[in-house]
Amino acid sequence: MSKIRIKFTRGEEVKYVSHLDILKVFERAARRAKLPLAYSKGFNPHPQIIFGLPLSVGVTSEAEFADFEIDGAVSPEEFNDSLNKELPKGIICLDAANLYTKKNIMVSISAASYKVLFLCSENLKSVQDAVGALKKKKMVIVKKFTKKGERDFDIRPLIYKLDVFQFSYEADGCTNPNLVKYVENNIDDFIHNTDFHREDLYCLDMLVGAGNVSNLKPSLLMTALSETEGLYLRQVKIHRTGLFLGDTLRLLDPMSESVLENI
Amino acid sequence: MAVRITDAILESVEKPSRYIGNEWNSVVKEPDKVDIRFAFCFPDNYEVGMSHLGMRILYHMLNQREDTYCERVFAPWVDMEQKMRDNKIPLFALETKDAIKEFDIIGFTLQYEMSYTNIINMLDLAGVPIYSRDRKDDHPIVCAGGPCAVNPEPLADIIDFFVIGEGEEVTGEVLDAYKECKKANVSRQEFLNRIVNISGIYVPSLYTVKYNEDGTCKKAEPIREGVPKSIRKRIIKDLSNVYYPEKIIVPYSRIVHDRVTMEIFRGCIRGCRFCQAGYIYRPVREKSAEKVLEAAKKLVESTGYDEISLASLSTSDYTEFDKMSNELLEEMESRKVNLALPSLRVDSFSLDLMEKAQKVRKSGLTFAPEAGTQRLRDVINKGVTEDDLINSVSLAFSGGWGSVKLYFMIGLPTESNEDIEGIAKLGEKVVEVYKNTPKETRSRKLNVTISASSFVPKPFTPFQWEPQDTIVELRRKQEYLRGRIKQRNITYNWHDTKVSFLEAVFARGDRRTGKVLVKAWEKGCKFDSWGEHFKYDEWIEAFKECDCDPHFYATRKRSQDEEFPWDHIDVGVSKKYLQSEHKKAYEEKTTPNCRENCSGCGVSTFLDGGVCIE
């Protein structure tokens, strides 16, 4: 019995597929690819696949991770290639590696980075000031709606990095071609019948706490920015750029050797 | 042109993945490189429509043709429909997102009467005129097929042509004709004129219907020479060699039947007198075990599904069922694929097989005695006995099953209180069997569900002359049954009698009922088979405003010599045979199944040599 960790994307084509359904997508793709997955024992055997942090419906990502339990001989490269042949559009397996640690990806996630595009009529300076003001606060209280009802929640400790830029429409001006393409295709839908212009598009880069214990959803941070700083904004898109292990002092890439081999 | 569905819209509706397409095995083609664009429409939501076997077969079969691109269209759920109307987005096909108004042919499958208002709604949403007569040459041709097409009359003013019977061969013939017509740039009327002589094609506008003073129909007459007087359904003679897809679409989200469905035969040897499928799909034809196995393997490999289900009207009536199912089980087990065996008869329940098929996952077992007494089971020719049921459940209980579902019908012809009480008694006996099963072998919990639907008389059955019980009477019978069920571990479910009443109207409706459909739709009726959307009061208003009496269709006893609105449709079973079966029902006489003895229903003329079963 061995384990393989993969890194994969979730593109525009599959951003409305729920987290649980993505799990099925991988199960079926692996079956079609005839990959030697390990099955659970018991009444209703199913393959042992563990995913990193769930992605909200509508959000795209270039850095998702999953751990597969393997029952047979297959190299990470073979695994990666055969899976890619059977995955639907929008999901691309970018990397695969043998995993030797017992800690699965789900329990290890500690931080996530996102790019959030939003429209705002204020100029860059005002937007930067608002973001700066939020960062200076000791506490940022937002209302969080849970099954138990509404409660106050201080998100400030979970904001590790926060920077805002004016969005550049040229691929060269932005490190992320996914976003440039998305904006080109969709921006008119968002400014149609509003007072917004194409120049009002901003990109918020954030690194926030994530995982099982405490998790900050980017949309909640956007709400906080809007409410506490009085910034009128319209969210356009959320894109996940990374998931990390470790702690704030030393964040680790889930595919890095030290993580994969930490026994 | 593809429609624009913005992220803002998709993010605001329930289950947006219903509308995005791109599923595994969905077919991608370049629309401008084909001659015919075909929109295959299922008049219900994605989850229901994607589960339908006929659509899965025809979609992939049509796409085998290089000259055709067949795409899927489902009824958008009410939230999405609202967004589409608000944003002026016309109904689109899932593959290309192109508006179906630009397609050549729009085809609906008619699986149940209560989906008819969705057809109207979908045409309207597409921007295609609802009535055939209002469509111009640049509008798509609108066709329909499926089991309800055997009485096409309620939709006669809406659908340009119907396909009667099985679609695999005739659809190709129609598409060939369409391609020629398109090249020659002929009118839609000329196209319809040309296909009217293809066997199995019914063009309602080429027939007139007159009525008698008492409101009954005269037989539909062709409006001119050269139009066939009667339309004979199409069948596939050789089921082993007919097209069966090697790939089927694997949806992202969960659908109703989220598994591979493997058809094993069509038709049924039994002849239960209430069952329309049992008559209209005759004669029984099997796919060879070899082909079943081969196709099953390919489908499992191409989809990655972990479950496969056998499809037919009565699974265990497959000849060599044990051999076939064992081979299939073995094959599927090695692939960790679960085999589901629906539609097993009470008299053929094999514990051995169920154990193997369901492994340790002991989901509920379902049996369908249909009626509570032997007398009534003889009337409906169900052909199973109380002993059959008791034997089966006793096997099931000692095999560790604890959950049993029993299906019955209320309102069957000749039914008395005694028959209804029989349902409760049968339920009690099943509980008794459980109690007599040793504690060591039986399941710790018992759950018996009695589910009673309301009988709906259907065309082409021996009960097509029968009145349906009134809503009041059905309610009384439901209450009566509820009062008789005293066991605490029996759960009793019943159906909405109002829905059954409307089903009875449109199952045996004529052309005049079509106006009611449109009127009801205008009043907001759609998704009528979904309890939360069913608007009975609006339906009744629609009948009134159209001066149409629903009781005339649902609860009226027909005389033996009445011409029916569907009499010009020929499904192969003769009216004379149905009459003799009707008589035998009242005499409480059963008819042997087709393998025991041919009863001469008339359908054997479809087959070379005139023999259904060797």
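**Exercise 1.** Locate Pro283(B) between the secondary-structure elements of chain B, and describe the peptide bond that joins Arg282(B) to this residue.

*Solution.* Step 1: Pro283(B) sits in the loop that runs between helix H8 (276-280) and strand E12 (285-286) of chain B. Helices (H or I, at least four residues) and strands (E, at least two) are DSSP runs, numbered from the N terminus. Step 2: the bond between Arg282(B) and Pro283(B) is cis, with omega at about -5°.

The model is predicted: local features need pLDDT of at least 70 and side-chain atom pairs count only at pLDDT 80 or more, while totals for chains, interfaces and linings use all residues. Residues are numbered from 1 along each chain as its sequence is written, chains are lettered from A and ligands numbered from 1 in the order in which they are written, and side-chain values use heavy atoms, with hydrogens and water left out.

**Exercise 2.** Describe the contact between chain A and chain B by its residues, its buried area and its salt bridges.

*Solution.* Step 1: chain A brings 30 residues to the contact and chain B brings 28 residues, where contact means heavy atoms within 4.5 Å. Step 2: about 2400 Å² is buried between the two chains, and carbon and sulfur atoms give 52% of this area. Buried area is the accessible area (1.4 Å probe) lost on putting two parts together, summed over both. Step 3: of the area that chain A buries against chain B, 31% comes from Tyr16(A), Arg28(A) and Arg32(A), more than from any other three residues.

Step 1: four salt bridges cross the interface of chain A and chain B; the rule asks for a side-chain nitrogen of Lys or Arg within 4 Å of a carboxyl oxygen of Asp or Glu. Arg28(A) forms a salt bridge with Asp258(B), with 3.5 Å between the closest N and O atoms. Step 5: on the side of chain A that touches chain B, helix H1 (19-32), helix H2 (76-86) and helix H5 (177-191) of chain A each supply at least two residues. H1(A) gives the most, seven residues. Step 6: sorted by class, this side of chain A has eleven nonpolar, four polar and 15 charged residues. Ala, Val, Leu, Ile, Met, Phe, Trp, Tyr, Cys and Pro count as nonpolar, Asp, Glu, Lys and Arg as charged, and the others, Gly among them, as polar.

**Exercise 3.** Is Ser17(B) buried or exposed, and which residues does Ser17(B) contact beyond its neighbours within four places in sequence?

*Solution.* Step 1: Ser17(B) belongs to the loop between helix H1 (7-12) and strand E1 (36-42) of chain B. Step 2: its relative accessible area is 7%, so Ser17(B) is buried; buried means under 20%, exposed over 50%, and partly exposed in between (1.4 Å probe, protein chains only). Step 3: with those neighbours left aside, Ser17(B) is in contact with Tyr16(A) and Ser253(B).

**Exercise 4.** How many disulfides does the structure hold, and how far is the nearest cysteine sulfur from that of Cys217(B) and of Cys272(B)?

*Solution.* Step 1: the count over all chains is zero, a disulfide being a pair of cysteine sulfur atoms within 2.5 Å. Step 2: for Cys217(B), the nearest cysteine sulfur is that of Cys548(B), 11 Å away. Cys217(B) is buried, at 5% relative accessibility. Step 3: for Cys272(B), the nearest is the sulfur of Cys275(B), 6.2 Å away. Cys272(B) is also buried, at 9% relative accessibility.

**Exercise 5.** Compare the surroundings of the salt bridges Glu386(B) to Lys429(B) and Asp469(B) to Lys477(B).

*Solution.* Step 1: the count over all chains is 73 salt bridges. Step 2: Glu386(B) and Lys429(B) are paired at 2.7 Å, N to O. The pair links distant parts of the chain, 43 residues apart: Glu386(B) is in helix H13 (residues 386-398) and Lys429(B) in helix H14 (residues 417-435) of chain B. Glu386(B) is partly exposed at 25%, and Lys429(B) is partly exposed at 36%. Step 3: Asp469(B) and Lys477(B) have their closest N and O atoms 2.6 Å apart. Asp469(B) is buried at 18% relative accessibility, and Lys477(B) is buried at 4%.
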